[in-house]
Amino acid sequence: LPACRDSRLFIRDLHFHGVPVRIYLPREPSASKRRGVIFFHGGCGIFGSIRSYERICRYIARKSDSVVVSVGYHLAPEHKYPAQTLECLAATVHFLKTAGTYGVDPARVIVSGDSVGGTYAASVCQQLGHRADIPKIRAQVLIYPFLQALNFNLPSHQKNAAIAFLSRERTVHFILKYLNKDCSLKEPILAGSHVPESMNLKYRKWINPDLIPQVFKLGYKPPPLTLFLPQVHAEVPELFEPCFSPLLAEDAVVCGLPDTCIVTCEHDVLRDEGLLYKKRLEDNNVRVTWHHEEKGFH
């Protein structure tokens, strides 16, 4: 939808540090400064736009009486990774510094997003957690986020391998498209051949089916052992960066994260990534609110 008149909102298209944004400001005067919501849309980094998230951002602004900033980061593969994360970061920093201009309390700003937008929200919070030169992010809201690219054989990957829209195979296909890589890498990555044993051992404490609650593991079967392929590993170094896979961030980073709300869906290949991040945050004494939609899908 184009930005058009709304009886309850002022809607403006702006640029924050060169990044396109659409800002939704409640028309009703407020006795105090409002909350701010920065929203990063989903779409695997290659789909989606400010326009396609017009309804949801209007809804958030109206229902929560908040100023909402929808970030129109430029899409891959034309704009190469990590341009998307860097633009989300730049827009967030700009808003935190100028929040008062829009009637927002800079101490009450959250970042949020769905799918890869949740990835960007998690990454932005990790990168800003220890910065003292800007206001602290109050909270992060991660809606079925993508958080790791090491293991595509978790229980939710098996259970929802052929689910509509975002199947297990399509997930890796979109990752490769996003990174502008050869799609022939899909099968070895699905099998786990891109991860050396040393890395599997290092991250087993964070990415491991044993960490998933038993109720979510009905019917799960451990995958067969696969052969590590160094040539595949060398082709996809981005998959092992915390900027791309926030679950790989060190505890020193995770412990500095703000209060978090995580939304997971039962019929979603990414369900377990949300569950694993929830555990990591709780293990690092970060307050987490968790909503699980038993009939929900990605």
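In the predicted model, buried residues account for 55% of the 298 residues of the protein. The accessible surface amounts to about 13,600 Å², and carbon and sulfur atoms contribute 56% of that area.

The secondary structure consists of ten helices and eight strands. The radius of gyration is 19 Å, close to the 19 Å given by the globule rule for 298 residues, and the protein is therefore as compact as a globular protein of that length. The C-alpha trace extends over about 60 × 40 × 40 Å along the principal axes. Of the contacts between residues at least 6 apart in sequence, 76% link residues that are at least 24 apart.

The protein carries 36 positive and 29 negative charges. The mean position of the positive charges lies 6 Å from that of the negative charges.

An unreviewed UniProt entry assigns the feature "domain: Alpha/beta hydrolase fold-3" to two spans, residues 37-189 and residues 240-298. In the model, residues 37-189 are 39% helix and 16% strand, whereas residues 240-298 are 29% helix and 32% strand. The end C-alpha atoms of residues 37-189 are separated by 35 Å; for residues 240-298, the corresponding separation is 24 Å.

Conventions:
Residues are numbered from 1 along each chain as its sequence is written. This is a predicted model: local features need pLDDT of at least 70, side-chain atom pairs count only at pLDDT 80 or more; totals for chains, interfaces and linings use all residues. Side-chain values use heavy atoms; hydrogens and water are left out. Helices (H or I, at least four residues) and strands (E, at least two) are DSSP runs, numbered from the N terminus. The radius of gyration is taken over C-alpha atoms; the globule rule is 2.2 Å times the number of residues to the power 0.38. Buried means under 20% relative accessible area, exposed over 50%, partly exposed in between (1.4 Å probe, protein chains only). Contact means heavy atoms within 4.5 Å. Accessible areas come from the Shrake-Rupley method with a 1.4 Å probe; for residues, only the protein chains shown count as cover. Lys and Arg count as positive and Asp and Glu as negative; His and the chain ends are not counted. The place of a charge is taken as NZ of Lys, CZ of Arg, CG of Asp or CD of Glu. UniProt positions are given in the numbering used here, feature names are shortened, and annotations may be inferred rather than shown by experiment.
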